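This report looks at charged pairs, aromatic rings and strand pairing. Please keep the structure open while reading.

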Amino acid sequence: QVQLVESGGGSVQAGGSLRLSCLASGYTYSSNCMGWFRQAPGKGREAVAAISLGDSRTIYTNSVKGRFTVSRDSARTTLYLQMNSLKPEDSAMYYCAASPSYACSEDWVRSSFYSDWGRGTQVTVSS
């Protein structure tokens, strides 16, 4: 089982930036997909971005394209989410997740696609 621990959340003003990190420990798959989700109070969990660790292909939900960048370190132990030009609607608890799937298929937006989750880090963007 993979253990995932997020960090880097905080409070910023609109237009600001934050960089989230997700440290993975325990068993790591030889190739897989890792993703970032977010959940605002009273709303469902939303897929934000994902990266295929085999070929570093990245995918984003439309609302964050051009503002967020997902990446990982060469050792495949840390996942990042660089968030720029933050908006109040980006406020949410952000979670990282790991899937044993070979790559990020079109199912990357589904929570059930992932087998391991972190506990989340809070992002608050004020106007």
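## Arg38 and its salt bridges

Glu46 is partly exposed, at 30% relative accessibility. In this predicted model, its side chain forms a salt bridge with Arg38, at 2.8 Å from N to O. Arg38 itself has a relative accessible area of 7%. Buried means under 20%, so Arg38 counts as buried.

Arg38 has another salt bridge, to the side chain of Asp90, at 2.9 Å from N to O. This pair spans 52 residues of the chain. Asp90 sits in the loop between β8 and β9 (92–99), and Arg38 in strand β4 (residues 33–39). Asp90 and Arg38 are both buried.

Which side chain does Arg67 meet in a salt bridge? The partner is Asp90, with N to O at 2.7 Å. Arg67 is buried, as is Asp90.

Shared partners tie these salt bridges together. Arg38, Glu46, Arg67 and Asp90 form one network. The structure holds four salt bridges. In general, side chains of opposite charge can pair when their charged atoms come close.

## Aromatic pairs

How many aromatic pairs does the structure hold? There are four. In one of them, the ring centres of Phe37 and Tyr114 lie 5.2 Å apart. Their planes stand at 85°, so this pair is edge-to-face. It also links distant parts of the chain, 77 residues apart. Phe37 is in strand β4, and Tyr114 is in the loop between β9 and β10 (116–117). Both Phe37 and Tyr114 are buried.

Tyr114 pairs with Trp117 as well, with ring centres 5.9 Å apart. The planes of Tyr114 and Trp117 meet at 65°, so this pair too is edge-to-face. Tyr114 is buried, at 5% relative accessible area. Trp117 is partly exposed, at 26%. Phe37, Phe113, Tyr114 and Trp117 make up one aromatic cluster.

## Arg45 over two rings

Arg45 brings charge to aromatic faces. Its charged end sits over the ring of Tyr95, 4.0 Å from the ring centre. Arg45 also lies over the face of Trp117, at 4.7 Å from the ring centre. Trp117 is a member of the aromatic cluster with Phe37, Phe113 and Tyr114.

## The four-stranded sheet

Four strands form an open sheet in the order β1-β3-β8-β7. The pairing is antiparallel. Why is one side of β1 and of β7 left without a neighbour in the sheet? Both β1 (2–7) and β7 (68–72) stand at the edges and have a single partner strand each, so one side of each has no neighbour there. From one strand to the next, the twist averages 15°.

Strand β3 (residues 18–26) pairs with strand β8 (residues 78–83) over six bridges, in the antiparallel sense. Cys22 has Leu79 in β8 as its bridge partner. Strands of a sheet pair through backbone hydrogen bonds, either parallel or antiparallel.

Terms used:
Residues numbered from 1 in each chain as written. Predicted model: local features only at pLDDT ≥ 70, side-chain atom pairs only at ≥ 80, totals over all residues. Heavy atoms only, no water. Pairing = 2+ DSSP bridges. Helix = DSSP H or I, 4+ residues; strand = E, 2+ residues; numbered from the N terminus. Axes fitted to C-alpha atoms, helices over the stretch in contact; angles between N-to-C directions. Buried < 20%, exposed > 50% of the residue type's maximum accessible area, 1.4 Å probe, protein only. Phe/Tyr/Trp six-rings, centres within 6.5 Å; stacked < 30°, edge-to-face > 60°. Lys NZ or Arg CZ within 6 Å of the ring centre and 35° of its normal.
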